[in-house]
Each structure stands twice: as C-alpha cells, then as structure tokens.
Amino acid sequence: MATTPHFLTLPSLLLASVVIFLLSSKTSAIGINYGTQGNLPPPQQVVEFIKTKTIIDSVKIYDANPDILRALSGTGIDVTIMVPNGNIPALANVENARQWVGANVLPFHQQTKIKYICVGNEILLTKDNNLISNLIPAMQSLLEALKVSGLPDMKVTTPHAFTVVYNQDAPSESRFNDEQKYIFAKILEFNRQAKSPFMISAYPYFMVDPNNVNYAIFGPSNAITDTKTGKTYNNMFDAVMDATYSAMNALGYGDVDIAVGETGWPSACDAAWCTPQNAANYNINIIKRSQNIGTPLMPNRHIDIYLFALFNEDGKPGPTYEKNWGLFKPDFSPVYDVGVLRGSDTGPPPSSSEKWCVVKQEATNEQLQANIDWVCSQGIDCKNISPGGICFDNMKARSSFVMNVYYQSKGGSEEACNFSGSGVVTTTNPSTSSCVMKNVEGGSVHGT
C-alpha cells in the first residue's frame, strides 16, 4: 500500500499506492482495499460485516486469496483481485496464464463478481527489470487466458504509483518523465485495446504542503488556477487526476479510462496533519467524488475509486502512518465516521454539489472586518455573529458566516463570493455543531 515513492518531481514528491471506490456508469459505488497484514478477523466475519453493516459494494484485495473469494461468494460485491508481483515472469507464458486462471478465477467466477484483475502492484516503482520487461506480456497472456476460458468481460490492468512529473501551478502541463514515457505508452496501448482502465494510486498525503494542508484534505484553502488552461482547482485530488489525464493525453491516450486503485489519509503519523478528523474529511470528500462526475479537464467522466483502507493493519512494517489508514479497527469499531455504516447518524456524505462561501486562508483581519461591515450593511441579519451569538467565535468564523449568508442569498453565484479576492467557494461543509452554515444545492438553500 502506501509507501513513499522513490522519485521527486517538480515541487512535490508523488504518490504511492491507493484506492477505493467503484463507480458504475449508472450509479456510484463505494470500493475499498481489504489488506490483511495484522491481527484481523477471518474473511467470513469481514465479508459478513461489509455486507450487512456497511454500504460498501466493491472490494479490492492484494492476491487471489481463496478464503476471501469464497466468503464473497453470492454477496453481489464487486471484487478486484491481484496477481502477486513474483508471478509475473511466469505468466508471460500463455499456458502458465491459463493455469493461473484455472486455479484462481474459474473456481469462483460464477458466484463471485470479479471485475478487475490487477497484474502486480506498482511494478515500475520496483526498478526490477525482470518484472518490468514481463509486465505487458503477462497482461496480454492473462487477457488471452480469460478469453479462452469464456471470461472476456473481466478487465486486466496494473496499478501504478503516481509517477507523473506534476506541475502544481499548471496540472495540464504535467507529463510522464522521459525515462518512463515508452513503457507507459505501451501499457496505455494495452489498456486501450483491452478496454481496461489505467489504474493509479493517488495519495495527496505524500505531496502535502505543510503550509496548505487544507488543499490536500478538501478544506477551505487557496484555489490554484492552471496558468495554461485557466481551470481552477479547489483540492489536490482533482489536480492529480487532471495531471494524470494530461500526461496520458500528451502520449495520445486521453481516451483511456482512469481508475484510482488506492487513495486515503492516515489517522495517525509523525506529523500534525495526521488526525482522525483530517482523515475523515479527506475520505468523506473522496466518497463525494465517487457520487459525481468529472474534474475540470474531464467534466463528463466517472472515475472508479477504491479507498485505502478497510482496516488499520498493525502487521505492516514501516513508520506509524503505514499502520493507520483504516476506516475500522480490527474489532470493527470505526476509527472515525464517514457515513459508510448502515444506520449511521451521518448517513452517506452529501453530494458535493453543495457549496459554501468561506474566507481564504491568507485574508487579513482588516479584509475580514470590511467584509462583515459591508454584508451587515446590506440588510443581512448579523445577530448570529454578535457577542454571545452562536457564530461569534473568531474573526474568520464570523466573516465566513456572513459572507456565506450573502453568497447563498445571491443563489450561489461565483461573483457573490469574490469579496475583493478574499472569498473562496468550497464543497466542504464549514459548519460546526453550534454554527450551521446554509448551502446551495441545485438552486435551493439548505440548512438553518
């Protein structure tokens, strides 16, 4: 799963493994990575929990574990299985690929809904020339083996670490690095011919700017406007998606679908930005992404996403963050609530078509007070931000509240949140338990 990549790119270092939700073309679905490194419950209990206690309906595993596949039998849950890295050289031979399918797919496929077969995991990151040279032949052999076995609808792909040279100021100018362009072009040609997605691990966590953590976790932050396209990005995830698309498009493969095999945020690490609250905020917003279509450069595309991960895995080696990506503890209690439990008080996260107007991080107190004075002079009821009011709190909170009231009163138009450059529109609910901020969704105002 999530390990820091061994490369540096423009301003940031980029990703490792990830992903988590599946979207069909008609409806959104929540997918999750089910890792097994730790003292975890047996597969039958895990699958029963997923099926009866959660709204998760897609699972990605890191092998073809027969116990897990049997447990998933008859559940209707979509499954992604994986060929271990070490099997790749042998599977370059078609007969070996047919034997692998015969042992790991055919006994289960009639009762278990296998959607994707991933050949290895982040192979280019291994720098193992034997694995890299056999990756595409193994994918081709496996695809042929599936066709011969009468299973042409199963999609074959391979997950990649995010190895795009990322241009933060202009995601549209991001490209695959020169050393890897040739192999990526061949992989993308396979994806196009096989009608399978180009799968990446997308982890803003590994690219986070300590001075602008909110941009990585979908919080109120300074938006970034692409200097080449003029497209605006309010969060890093969308920028990473468009950077990936731009790199693919530059090679002539912009038509190939993208899937996110892993993404998430750890609830604990050795830095201040790893908290249950930040992890919940990130994953809630990723779930929102699974319920909506597109990014600034891909406005009409669904992207399959798999959240990392189902459990905290105490058996994983490495630093603290490696063990703390889970939505749940091994006893099935939630690490934090993102609304995937059936009957959860929070319920499924709201659609990201909900919008609020809040202050920009860098806005000065003078600007904020000027915003308050101006809005309150426009006939807006400002009693909630008066001393003793439920939204009095601090200057930023007061200014955001009245700016948002004004923005909502104008039907949520972008211009109404400008405030001389000190306002920004967000899809992350800035409300607190005591101060609820209204939002606009589809032209209607919600909240109190």
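Guide: The residues around the largest cavity divide into five nonpolar, four polar and three charged. The model is a predicted one, and the volume of this largest cavity is about 60 Å³. Its lining comprises 12 residues, of which Arg 289, Asn 292, Gly 294, Ile 303 and Ile 305 are the closest to the centre. In total, the structure holds three cavities of 30 Å³ or more.

The open spaces include the second largest pocket, which contains about 790 Å³ of space. This second largest pocket is lined by 31 residues, and those closest to its centre are Thr 232, Asn 234, Lys 355, Val 425 and Thr 427. By residue class, the lining of the second largest pocket consists of nine nonpolar, 16 polar and six charged residues.

As for the elements that contribute to this lining, at least two residues each are supplied by β11 (232–233), α10 (276–290) and β15 (423–426). The largest share, four residues, comes from β15. At the level of domains, both domain 1 (27–328) and domain 2 (356–426) provide at least three residues each to the lining of the second largest pocket.

A note on helix packing may complete the description. Helix α4 (residues 94–104) and helix α6 (residues 129–148) have axes that come within 8 Å and cross at roughly 60°. The two helices, α4 and α6, are therefore oblique to each other, and their crossing is right-handed.

How values were computed:
Residues are numbered from 1 along each chain as its sequence is written. This is a predicted model: local features need pLDDT of at least 70, side-chain atom pairs count only at pLDDT 80 or more; totals for chains, interfaces and linings use all residues. Side-chain values use heavy atoms; hydrogens and water are left out. On a 1 Å grid over the protein atoms alone, a cavity is a set of points where a 1.4 Å probe fits but cannot get out, and a pocket is an open set with protein on both sides within 12 Å along at least five of seven lines; lining residues have an atom within 4 Å of a point. Grid points are joined across faces, edges and corners, and a volume is the space filled by probe spheres set on the points. Ala, Val, Leu, Ile, Met, Phe, Trp, Tyr, Cys and Pro count as nonpolar, Asp, Glu, Lys and Arg as charged, and the others, Gly among them, as polar. Domain bounds come from an automatic or database domain assignment. Axes are lines fitted to C-alpha atoms, for helices over the stretch in contact, and angles run from 0 to 180 degrees between N-to-C directions. Angles under 35 degrees count as roughly parallel, over 145 as roughly antiparallel, 65 to 115 as roughly perpendicular and the rest as oblique. A crossing is left-handed if the near helix is turned anticlockwise from the far one by less than a right angle, and right-handed if clockwise.
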